[in-house]
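Please open the model in your viewer and keep the selection tool at hand.

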Number of protein chains: 4
Amino acid sequence: MPGNTFGSFFKLTTFGESHGVAIGGIIDGCPAGIKIDLATIQKELDRRKPGQSAIVTQRKESDEVVFKSGIFEGITTGTPIAFEIKNKDAKSKDYSHIKDVYRPSHADFTYQKKYGHRDYRGGGRSSARETASRVVAGALAKQVLRSVSFHAFTFSVGNLSLVQPVEEIDFSLTEKSITRCPDPNLASQMEEYIKKVRKKGDTVGGVVACVIKNVPVGLGEPVFDKLHAELGKAMLSINAVKGFEIGSGFEGTKMLGSQHNDAILKNERTGSNYSGGVQGGISNGMPIYFKVAFKPVATLMQDQKSIDVHQKEAQVKGKGRHDPCVVPRAVPIVEAMAALVILDQLLLHQARKEFEF
Amino acid sequence: MPGNTFGSFFKLTTFGESHGVAIGGIIDGCPAGIKIDLATIQKELDRRKPGQSAIVTQRKESDEVVFKSGIFEGITTGTPIAFEIKNKDAKSKDYSHIKDVYRPSHADFTYQKKYGHRDYRGGGRSSARETASRVVAGALAKQVLRSVSFHAFTFSVGNLSLVQPVEEIDFSLTEKSITRCPDPNLASQMEEYIKKVRKKGDTVGGVVACVIKNVPVGLGEPVFDKLHAELGKAMLSINAVKGFEIGSGFEGTKMLGSQHNDAILKNERTGSNYSGGVQGGISNGMPIYFKVAFKPVATLMQDQKSIDVHQKEAQVKGKGRHDPCVVPRAVPIVEAMAALVILDQLLLHQARKEFEF
Amino acid sequence: MPGNTFGSFFKLTTFGESHGVAIGGIIDGCPAGIKIDLATIQKELDRRKPGQSAIVTQRKESDEVVFKSGIFEGITTGTPIAFEIKNKDAKSKDYSHIKDVYRPSHADFTYQKKYGHRDYRGGGRSSARETASRVVAGALAKQVLRSVSFHAFTFSVGNLSLVQPVEEIDFSLTEKSITRCPDPNLASQMEEYIKKVRKKGDTVGGVVACVIKNVPVGLGEPVFDKLHAELGKAMLSINAVKGFEIGSGFEGTKMLGSQHNDAILKNERTGSNYSGGVQGGISNGMPIYFKVAFKPVATLMQDQKSIDVHQKEAQVKGKGRHDPCVVPRAVPIVEAMAALVILDQLLLHQARKEFEF
Amino acid sequence: MPGNTFGSFFKLTTFGESHGVAIGGIIDGCPAGIKIDLATIQKELDRRKPGQSAIVTQRKESDEVVFKSGIFEGITTGTPIAFEIKNKDAKSKDYSHIKDVYRPSHADFTYQKKYGHRDYRGGGRSSARETASRVVAGALAKQVLRSVSFHAFTFSVGNLSLVQPVEEIDFSLTEKSITRCPDPNLASQMEEYIKKVRKKGDTVGGVVACVIKNVPVGLGEPVFDKLHAELGKAMLSINAVKGFEIGSGFEGTKMLGSQHNDAILKNERTGSNYSGGVQGGISNGMPIYFKVAFKPVATLMQDQKSIDVHQKEAQVKGKGRHDPCVVPRAVPIVEAMAALVILDQLLLHQARKEFEF
């Protein structure tokens with residue numbers, strides 16, 4: 001089916017191109033009776049917005065969200081919640097140079113081939129601008145979930161990587177740095193590094209990690225819709241993501257079973273948490289822990305080899321204002337997608353629970 | 001929705017517990033008019049079956065698949081294809097010791113909590129035995145796809161890892177070794193290592209990689225159902241999988257954009273393939289390349305700490321016949337899930353193509 | 001998506017052709033912990049089975065259902081429930097005469113054109129034999145629903161139609177007559193009429209009505225998935241059905257609003273029930289009441305004009321053993337589909353309820 | 001799943017309350033490369049809009065549709081098409097009298113019970129105003145379908161019913177009368193009758209019929225998603241609809257099989273068309289013909305008995321401007337829903353066709 005809907009119960013459908021009139025979405029399936037705090041939603045959106053710091057793109061979109069339905073007297077009615085963010089600072093002429101040329105490692109070529117007709121301005125639908133709609137929906141999902149808490153943070157930028165065990169991280173430090181890395185020293189190094197990379201017209205990748213606390217036991221639907229499979233799909237659907245791992249992930253493949261198994265203790269908690277909070281595709285009540293790999297941003301302020309729509313060789317070089325590293329702005333997006341998955345699975349789990357033992 | 005269905009068009013629903021009467025499934029949406037080669041399907045199943053070599057479990061299930069509908073005179077009719085594999089060598093008494101005890105890093109605890117009632121024999125529904133049904137459906141999908149080829153192989157076991165560039169691998173070597181690693185020397189080392197680990201009653205993890213060739217340009221449905229997001233979900237739904245990465249994956253996060261971008265050449269191919277054959281969530285015609293991380297098998301022939309269903313401390317130790325390393329038998333499962341994703345996306349893409357430029 | 005799945009939560013996928021090895025299905029999403037009474041399920045199936053009386057087809061299928069998964073120690077486990085009914089009395093040679101000829105008002109022509117390849121024996125997949133799987137799933141759904149009661153009955157055969165107000169019908173009489181009409185006098189007339197029609201090698205249509213009691217207020221998902229829209233789709237999917245109406249239905253279009261509106265009384269009941277228990281697509285707690293129109297069976301023991309697959313004119317005449325009127329055997333099928341809809345909607349409603357006021 | 005999405009491929013999600021900021025929707029899955037004629041879409045909307053004639057509500061909404069995405073340089077891009085219709089002439093104070101009182105045969109009671117919190121102004125989400133979004137999407141679907149033609153018309157109002165055989169109707173006359181009945185004499189009578197009913201503060205029901213021509217053979221997905229089951233669900237989801245029948249419908253139940261069967265002629269056409277263009281759930285190439293029953297409008301300019309939210313008895317009487325008969329404005333809505341079904345099924349059919357004989 002067409003791919004612009006996420007979730008089954010708390011179901012988000014998004015629309016909009018980077019340089020069109022607006023972006024936005026419809027949330028269908030939000031429970032009725034939820035008091036909505038609009039300021040908190042806008043705050044989440046501000047964590048993602050361009051121009052927020054010295055190490056992100058200097059585009060100046062205000063990204064104000066307006067709700068159009070589904071909320072009456074400040075409370076959800078159970079009907080679809082439509083929302084919109086107007087596109088204001090769209091400088092479409094910055095993009096006329098790529099009308100006929102495919103930017104390397106961008107979606108220009110594949111959109112052209114798939115659809116035959118594309119809105120090339122700012123990447124159109126393939127722009128990461130679309131993720132603003134996800135942040136709105138995720139912020140709303142968090143308000144429904146209340147007791148569950150989501151802590152995404154910058155785990156690494158290039159080779160600069162957090163070494164602290166995840167259990168010891170002080171999540172209150174995440175927002176203290178414009179890098180969103182909760183280790184202040186490392187955060188400074190990352191900041192310097194990103195600035196250096198940008199100066200060269202280059203970009204760099206990184207890893208966002210996320211811890212979710214207070215997830216009830218029992219979420220996830222084996223065998224195909226395992227909780228971490230849903231989380232994985234959600235994260236891999238974010239622009240620039242190339243990898244996902246839960247718990248011990250790729251490192252865990254090097255371990256022996258006797259090291260890797262999480263002993264179950266008397267209080268139904270496990271000793272270690274190599275499982276990352278999910279066993280057999282179902283949450284086990286331990287913190288859910290996963291990592292998401294973001295490739296270096298594809299738009300460079302350097303000349304690159306490519307071809308044009310007429311199959312001729314061409315040079316392409318970024319214009320306008322772009323992120324040297326997507327990771328700091330990706331942190332709220334990872335949280336938003338995590339909230340969408342958890343709420344969706346929770347609603348699904350509740351559907352049958354009443355009948356069960 | 002309940003999680004036992006995979007795909008939208010070529011839609012597989014599976015059933016069955018490890019020690020029940022049978023396992024099997026229904027494939028709905030297979031195109032009509034496909035000539036089915038049953039022997040090839042059985043052969044794929046034999047690549048997954050227990051007892052096939054010295055480094056896998058010694059259970060002796062024959063795993064014969066029987067088709068019950070949807071094929072008439074050897075040709076698909078477009079109606080549902082039901083199939084069944086009888087459970088023959090199920091020794092249920094091997095499992096009476098875990099009736100009331102949760103095995104660490106298994107699904108015993110989470111199934112008990114989610115459903116309140118579980119078939120504990122051999123892990124019941126959470127057993128990897130379920131993946132035999134996926135192999136059947138995947139083998140059928142391959143017969144529909146014909147021109148697309150799938151090459152999964154053992155990339156690493158523990159710390160023993162392939163170093164060869166993926167472009168240089170000779171996939172005809174994969175089936176030559178019981179490890180399914182296409183590098184004969186490395187394969188021998190892996191075999192020795194697995195045997196050593198088993199002797200200690202321990203287990204070890206590993207990585208399966210997969211290359212898919214001849215995928216048409218244009219598969220994948222942005223923004224949420226990106227091709228690699230669908231592949232990721234498919235792989236993460238396989239038992240014991242903890243991670244997925246496409247193209248450069250986690251390593252790519254350490255690169256600069258100027259190193260990572262894939263220059264587009266005159267023939268619409270790219271120079272490098274750090275994208276792994278997918279850009280903007282859509283296949284670009286290059287080989288699709290991804291890796292899947294398998295944790296060490298959780299069933300050990302050693303004592304482990306746990307609790308029982310009455311919250312009391314308990315010891316648990318594997319009985320019966322188990323795999324010391326899941327990777328060799330996982331290779332055909334990875335291929336099967338990849339085939340299910342590619343066919344599903346191809347059918348979806350075809351739905352709208354006729355109207356398009 | 002392929003059309004062999006019904007429901008979203010209590011999700012039935014069926015398989016099987018009339019003269020294949022077996023028919024059956026998989027139910028995914030049945031709540032765990034439900035004690036299953038297999039005898040009651042078989043009893044429902046016996047109400048549908050051929051050969052049960054003098055006015056139905058004399059085929060002698062025993063229609064025994066066998067369960068293969070999802071039930072452990074007599075209790076559902078929350079995993080998929082697979083079941084199978086073997087095809088025993090299939091006389092395929094009775095159908096060799098229609099291998100190349102399209103029977104009028106049958107699905108032969110449309111299946112051939114849609115799929116290019118069909119199992120012509122006994123109508124293959126298009127045979128009403130498939131509905132036996134629906135009865136199994138519906139019987140299971142009834143066991144989950146418990147407090148809700150389903151009362152389908154024969155409302156009319158040809159021009160012989162019940163005149164009693166539905167509130168006054170004694171549903172305990174339904175099973176007393178082989179016609180399943182709860183008015184004994186009318187039932188006798190119907191029986192005579194059906195026998196007379198059969199003697200001429202002809203067939204006749206009729207209407208099945210259904211009353212559902214004790215449906216909780218609040219089921220149905222506006223705006224597209226209104227409760228009566230789901231019921232309508234369910235009924236229209238049954239073989240030979242040409243119409244569906246709820247409450248006042250087509251007759252209600254002739255009324256004035258002042259006659260038709262259902263006054264709301266102090267106990268939250270309505271005076272009249274022209275709405276048929278559904279308002280705005282949501283159940284209002286009153287009995288749900290609807291009617292389903294079945295056309296005369298298309299297989300006649302008379303010569304009919306048609307063409308063959310080579311576009312040549314041909315004569316066709318039914319052979320074998322067929323129903324002169326489908327209505328008596330359709331009664332349990334209508335109930336089964338109603339149960340599937342109500343349970344599905346109930347589960348969906350529960351998903352969000354906990355969060356709501 | 002929440003019920004505000006229709007279709008699987010050409011997938012419409014609608015939002016908006018009658019007296020909120022706006023209504024609208026997102027269409028996901030529209031093929032790329034379709035040239036969009038906005039004027040024609042607006043024209044369809046004008047056929048549905050209030051205030052268009054003397055026999056409909058005198059509300060004066062201009063109902064201008066604005067598109068926000070998915071169309072670039074006048075051509076669809078294959079990305080989501082969002083659209084909006086502002087609510088302009090909403091007189092919310094007309095509704096303060098029903099804040100706490102349930103109007104009989106309206107959705108007030110059921111929405112209150114289901115969601116606990118409702119936007120009572122003008123019926124909120126349950127208002128037929130939502131159908132304007134359907135007309136937009138349907139008009140777009142018609143532009144994709146091109147060669148298929150949709151002819152809905154007023155078949156009856158109260159007891160005034162068309163007697164002409166459907167094959168003889170001149171559809172060019174439908175828009176000549178404000179009743180949308182293609183028989184000019186009958187149309188005048190209907191007009192008089194509706195005016196008379198309105199004068200008494202009463203309302204009346206009626207039937208809309210629809211003929212669809214040039215539908216390709218092969219649409220519809222047995223067994224559950226039969227073409228007429230999908231059409232039935234679509235129609236039953238329209239406000240005020242109580243019944244649906246295809247071809248011979250309820251009248252056909254009174255016929256003998258020998259009268260009812262449609263003989264197949266040499267050119268693959270049938271003699272009669274009691275099947276209504278669908279056999280075995282699949283289109284057979286003949287015109288598709290169905291009828292939709294609309295109950296009398298529930299809002300009366302008369303006192304009616306009801307209760308309030310505190311369970312006390314109350315009187316309620318319509319205020320504001322309402323339709324005395326919904327049928328003339330329902331004609332374009334029926335066409336729109338028909339177009340959504342046919343396009344969705346066509347896209348689905350195309351998905352697999354390429355592989356088939």
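On this tour, two residues touch, or are in contact, when they have heavy atoms within 4.5 Å of each other. Keep in mind as you look around that this is a predicted model.

**Stop 1: A:R48**

Select A:R48 to begin. UniProt, in an unreviewed entry, places the feature "binding site" here. You will find A:R48 in helix α1 of chain A, which covers residues 38-48. Is A:R48 buried or exposed? A:R48 is buried, because its relative accessible area is 3%, and the cut-off for buried is under 20%. Now show what surrounds this arginine, setting aside residues up to four places away in sequence. A:R48 touches A:D63, then A:A128, A:R129, A:T131, A:A132 and A:V135, and also A:R329, A:P332 and A:I333.

**Stop 2**

Next, select a longer list. The "binding site" annotation from the unreviewed UniProt entry also covers A:R125, A:S126, A:S127, A:N239, A:A240, A:G280, A:K295, A:P296, A:V297, A:A298, A:T299 and A:R321. These positions are spread over 197 residues of sequence, and they are spread in space as well, with up to 44.4 Å between C-alpha atoms.

From that list, pick A:K295. This lysine sits in the loop that runs between β14 (288-294) and β15 (304-307) of chain A. A:K295 counts as buried, because its relative accessibility is 12%. Which residues is A:K295 in contact with, leaving aside its neighbours within four places in sequence? They are A:S105, A:G205, A:A240 and A:K242, together with B:H260 from chain B.

Stay in the loop between β14 and β15 of chain A and move to A:A298. A:A298 is buried too, at 6% relative accessibility. Beyond residues up to four places away in sequence, A:A298 touches A:P104, A:S105, A:H106 and A:Q304, and on the chain B side B:N261.

**Stop 3: strand β11 in chains A and B**

Colour residues 241-246 in chain A and chain B. In chain B, these residues form strand β11, and six of its six residues are buried. What joins β11 of chain A to β11(B)? Three bridges do, and the two strands run antiparallel. To find your bearings in this pairing, select A:F244 and look across to B:F244, which stands opposite in β11(B).

Now follow β11(B) to another partner, within chain B. Five bridges join β11(B) to strand β14 (residues 288-294) of chain B, again with the strands antiparallel. A handy pair to display here is B:I246 with B:F290, which stand opposite each other.

**Stop 4: chains A and B as copies**

Zoom out until chains A and B are both in view. A rotation of 180 degrees, with 0.0 Å of shift along its axis, superposes chain B on chain A with an RMSD of 0.0 Å. The two copies are therefore related as by a two-fold rotation axis. The same surface serves both copies, and 100% of the contact residues of chain B recur in chain A.

**Stop 5: where chain B meets chain C**

Bring chain C into view beside chain B. Chain B is superposed on chain C by a rotation of 180 degrees with 0.0 Å of shift along the axis, again at an RMSD of 0.0 Å. These copies meet through the same surface, because 100% of the interface residues of chain B are also interface residues in chain C.

How many residues does the contact take from each of these chains? It takes 41 from chain B and 41 from chain C. About 3300 Å² is buried between the two chains, and carbon and sulfur atoms give 64% of that area. On the chain B side, select B:K68, B:F72 and B:H117, which lose the most area to chain C, together 20% of what that side buries.

**Last stop: C:G318**

Finish in chain C with C:G318, in the loop between β16 (313-316) and α8 (327-353). C:G318 is buried, with a relative accessible area of 16%. Not counting residues up to four places away in sequence, C:G318 touches C:T299, C:L300, C:M301 and C:Q302.

Methods:
Residues are numbered from 1 along each chain as its sequence is written. Chains are lettered from A and ligands numbered from 1 in the order in which they are written. This is a predicted model: local features need pLDDT of at least 70, side-chain atom pairs count only at pLDDT 80 or more; totals for chains, interfaces and linings use all residues. Side-chain values use heavy atoms; hydrogens and water are left out. Copies are superposed by least squares on the C-alpha atoms of residues with pLDDT of at least 70 in both. UniProt positions are given in the numbering used here, feature names are shortened, and annotations may be inferred rather than shown by experiment. Helices (H or I, at least four residues) and strands (E, at least two) are DSSP runs, numbered from the N terminus. Buried means under 20% relative accessible area, exposed over 50%, partly exposed in between (1.4 Å probe, protein chains only). Two strands pair if DSSP finds at least two bridges between them. Buried area is the accessible area (1.4 Å probe) that two parts lose on being put together, summed over both.
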